[in-house]
Every structure is written in structure tokens, then in C-alpha cells.
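The following account leads the reader through a protein chain, from its overall make-up to individual side-chain pairs. Please consult the sequence and the structure alongside the text.

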Amino acid sequence: MRLIGEILTEICDLSGDKLTEALNTQEEKGGRIGEILIRQKAILETDLLKGLAVQYNMEFRPTLPVNDLKINFAEITPIQFLKKFSMVPVITPDTAFIAINDPTQFQPLDDLRNMLKMNSIETVLAPHSSIISTINFIYDMSGDSAEQVIQDMNEESDLILSEIEGAGDLLDDTSDAPIIKLVNLMLSQSVKARASDIHIESTQHRLKIRHRVDGILYDMLSPPKHVQSALVSRIKVMASLNIAEKRLPQDGRIEIRIGDKNVDILVSTIPTSCGERVVLRLLDKTKVLITVSDLGMPEDNLREFNRLISASHGIILVTGPTGSGKTTTLYGALSTIHNTNINIITIEDPVEYQIDGIGQIQVNPKIDLTFATGLRSIVRQDPDVILVGEIRDAETAEIAIQSALTGHRVFSTLHTNDAASAITRLTDMGIEPFLVTSSVLAILAQRLVRVICPDCKEEYIPDGQSLKNIGISPEILVGRKLYRGRGCQNCFNTGYSGRTGIFELMVLDDGLQSLILQTSDSNAIKQKAMEKGMVTLREDGARKIVQGVTTIEEVFRVTYQ
């Protein structure tokens, strides 16, 4: 048998010096030469597998098929065994083989062949990541799916109805009742898909469950209509809500653990003419809190924003519609400036993420703890920085402005379409223009756009009208390429994976302050800010299109007015 070092030197241009260095390391510390070369970044894993394929006279497959896979072996083969030895049976109508990552694992390979009762099945080499991905895919498919539970409900509707009428099944977490199984699967599938919300919606004749991934709602399940009452009751039990009260809206909270994730779920129910409608907001508590530099802000805006959030006093407003990432930006600002020298207090509705060392207050209108009343109490707590979740009324706006004028840094949000409209909104609330100009430092408008999936990213040539609509001139594209996502298994065939921000930062300098004292017309204010160099939301989006981050359709979707 030829030596692997000799084979690698031939097939991947491994230099003699690198091989000698690896052989010396092997002599000193032991280990396998291929793994040492990978650790030293002299070769890639695929190079080693190609070399082993030559050495052992085996086939190398860089990818494994996922269509039409037979998964019945999952019942007799432990997933831990396959993952430990990095091997997986791949059986389709056209082919059958065992993919392995290490051809020297003879005994586990024989054990797997015996389990499958397929002693003559072919063996191929494949990357470790492909094998693990295929194992996860097969065992996800082999378990009870929400769709299967729903099918069972349809087939055995009489039995299901008798089971769900008793409250005992709903209260028993370990029960095998279909409703409990359905709720658990619905939650776990949504967490796996990185969903931010789950909507349970009813019409006169049907029930529909959708979840929101990267800001877009997708159909998820359609359970039979007769399970609606039990499904809503199960969620109410988990959220400690009153299951008998179906005429009034209710809000609650659920804490669950799915795999290695701790997830907080905010539950909201409202009565409709076709029964109760439920929305669940999923908050992953294991997510690492991001800083301002992780938001996707352009370098020039980032420098200016970091300077502004470190100012001694004044208001910084973040604006945008619901779900545009305003709270995330404010949390990013707090985590950037947070240290032991300053006292930070927040009042939020709801408190989405806990931050160590920061006092966070939850709004509770039932006991008259509103943004305005909470803010009055906060200013007596000697804060340096105050975060107000949202300025909803004139009273909250006035207290926030007074806090800024008396030496506090205040961060808050408003629901407006762009930065200039925030000035109009404040004056509409009855705030005097001179108070706005003397307290507000800057306004940041933002949107979230979906990022092109890196696994199925492809070049394409857009039509001229699309480029014109978004404000990209053909001259800018000279020597550049535009991209879009083709759609693959990893991005659920959407072509997108994850989101980033596009931003419009309007700093209130002397020129803008003078204009605001004369008029609150948002168009005039925006025009003046653009003359002074402000980059608009659509212009920032165009930058990210040219950089290959997102697509024309995405930027147009979130900036179209």
C-alpha cells in the first residue's frame, strides 16, 4: 500500500517541506499524518479524503444525496453510534452505500453492516460535515413529525375528540396526547427554522399555523378545525393563562428548553368571530448579545453612531416599523457603552433579553406602570443612561426630553417611516420645536433585509428597470457582479439566510436645527439632511446590493413607500 504522504504530494501539490514538518511532528507527538497536515493547514479535509480514496481504492463523494432517502434503518441503528464513528447508510431507489470518514474503522463498519443485514454494501468516503448533516436529516425525518400527528388526528378524529375534551391530558406534560405532541413539535420545528413568531389563525372552516422566518410569514401546518379549542387551551395552560376566558385578550409567557436553547415565548391571545387567535413570539435566550459593530452599519455611520451614544446627554431615537430591529440596535448600543462606571436603567414592553448589570423594568398597565409613570421613577434612581422602549404619547416624550435636558443620555424608539418623519411625529404630539432641537442628538431609521444564502449564491444580470428603480446606475456595476440565492435545503428554498440592517442616520447639526425651528415638514427636513451628506435607507440598501449582501427585490420590499 502506498504511503499517504506520497499520494498527497502528487494530487494536491503538497510541498516536501510541509510533509517533512508534519513527519517531524508525528515522530515527536504521535498522531496520523493526514490529521497533522490538516491541523497545520497544509491541506484541506477534501485533499486527505481524495488521497485516502487512492490509497484504499475507494470512491470519494464530496456531497451526499438527500432526496428519496430510505430511513427505516433509523429504528434499529442508534444515532450516537453513527455520529461517534462518523458513518451513515445512504439508501435510495437508485443506489445504496455506507459513507464513512475514516476507512480504518473496520470493526464499527462490520457492526453497521450486520445491523443493516447488508454485508456486501459498498463503502465510500465523504466529508465529516456531509455525514453529520445526512445523519441529522435522516433522524429528523424518522421521528414523529407535526404533519404525521395531524394526519393521525384526521384519521382518528373520534378518538382524538374524546381525548382532548378532558383537561387532564392538557395539563400532563408527559402525556402522549396528540395535542401536546403537536404543540411540542410546532415549537421545536419553529426554533430549528430560526422563526421569530408563530401565528395560529382560524377562519370559519379551517385552522392555519404559520411562522415568521427572517421577517417573512410561511405556511407551516393546517391542523383539522376541530382541534382549535384544545390547541389554544394547551398553549394557555403552558402560559398560565385562564383557559375559561375566551372573550377577552390575554398575555402570558412560557419558558422552554429545546436542545441546547433556552427559549422565552411571549403569548398573546385575542378573540375573533371564528375563535381565539394566538401569536407566540420566540426569544432565544442563548443568543449572544450583539454590539453596534455587528449590526451591518456602514463604516462612516458606525463611527458617528459610536460617537453619539457616548455623548454626555441628549436623546438618540431609532425609528422604523414593527420588526425592523429597533430594540436590537438599542441593546447593541447599551452593550457597547455598558461598564461599571455608569448606571443604566431601562423601561420596556416587554423585556426581551436580560442584560447583566442593567436595571430593566417591565411595563404593566394593570397596575398603572406605564412608560410615563416608570420614567418618572427612573429619573429619581440617579441614572446615567435611560432606555425607553417606545415613545407612545406626549407625556412620555416630555419626560424623556426633560431627562435629556437635565444631563441624561436617553435612547428610545418611534414608529415612523424615515428619520425626518420622527421630527414631524414629535411636533404632532405637541412637543415644541425648540425642545426637539435642544434635546435630540440624532435619529436613526432602519430596516432589516434578508441576506443571500451563501450555499446557493449565484451570479445574475438584472434588468435595467430594476436597477433604475433602486437607484443603481450601470456605471457603478462596471467590473462588478450582482448575486441572488437559487434556493437550497439549507435556506428552506428561499434563497436567503439571516438578516442584516440598512440604515439612515440623521444628525441634528446647526443647519437642521435652524430648519426645524422654522418648519416640521419631513420632506424639507429630509432634503436638507441629504444635502449635508445623509445616506438614505434605499441608498444604503443599494450599497449592500452592489456588495453582494442582499438583492434588489429585498431592498425594494422594505423601502417601497
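**A guided reading of the chain**

Lys544 is buried, with a relative accessible area of 6%; buried here means under 20% relative accessible area, exposed over 50%, and partly exposed in between, with a 1.4 Å probe and protein chains only. The side chain of Lys544 meets that of Asp540 in a salt bridge, at 3.4 Å from N to O. A salt bridge is defined as a side-chain nitrogen of Lys or Arg within 4 Å of a carboxyl oxygen of Asp or Glu. Asp540 is also buried, at 1% relative accessibility. Because Lys544 and Asp540 lie four residues apart in helix α22 (residues 537-546), about one helical turn separates them.

The model is predicted: local features need pLDDT of at least 70, side-chain atom pairs count only at pLDDT 80 or more, and totals for chains, interfaces and linings use all residues. Residues are numbered from 1 along each chain as its sequence is written, and side-chain values use heavy atoms, with hydrogens and water left out.

On the scale of the whole chain, there are 23 helices and 19 strands. Along the principal axes, the C-alpha atoms fill a box of roughly 85 × 70 × 55 Å. Of the 561 residues in the chain, 47% are buried. Among contacts (heavy atoms within 4.5 Å) between residues at least 6 apart in sequence, 64% join residues at least 24 apart.

In soluble globular proteins, nonpolar side chains tend to be buried together. A nonpolar core is taken as a set of buried Ala, Val, Leu, Ile, Met, Phe, Trp, Tyr and Cys residues joined through side-chain atoms within 4.5 Å. The largest such core has 53 residues, and those touching the most other members are Ile315, Ile423, Leu426, Ile443, Ile472, Met506 and Ile525. Leaving aside residues up to four places away in sequence, Met506 touches Ala419, Ala420, Ile423, Ala442, Ile443, Leu512, Ile525, Ala529 and Met534. A second, separate core comprises 43 residues, including Leu8, Leu52, Phe81 and Phe97.

Strand β3 (residues 96-100) and strand β4 (residues 122-125) run parallel and are joined by four bridges; two strands are said to pair if DSSP finds at least two bridges between them. The open sheet consists of four strands in the order β1-β4-β3-β2, with mixed pairing. Its edges are β1 (59-60) and β2 (87-91); each has a single partner strand, so one side of each lacks a neighbour in the sheet.

Glu458 is partly exposed at 25% relative accessibility, whereas Arg486 is exposed, with a relative accessible area of 54%. Another salt bridge connects Glu35 with Arg32, the closest N and O atoms being 4.0 Å apart. Both ends are partly exposed, Glu35 at 39% and Arg32 at 36%. Arg2, Glu6 and Glu10 are linked in a network of salt bridges.

The cysteines complete the picture. A disulfide is a covalent bond between the sulfur atoms of two cysteines. With a disulfide counted as a pair of cysteine sulfur atoms within 2.5 Å, a search of the whole structure finds zero. Cys453 is in no disulfide, and the nearest cysteine sulfur, that of Cys488, is 3.8 Å away. The sulfur of Cys488 has its closest cysteine sulfur in Cys491, at 3.7 Å, too far for a bond. Cys453 is buried at 1% relative accessible area, and Cys488 is buried at 15%.

Note on methods:
Helices (H or I, at least four residues) and strands (E, at least two) are DSSP runs, numbered from the N terminus.
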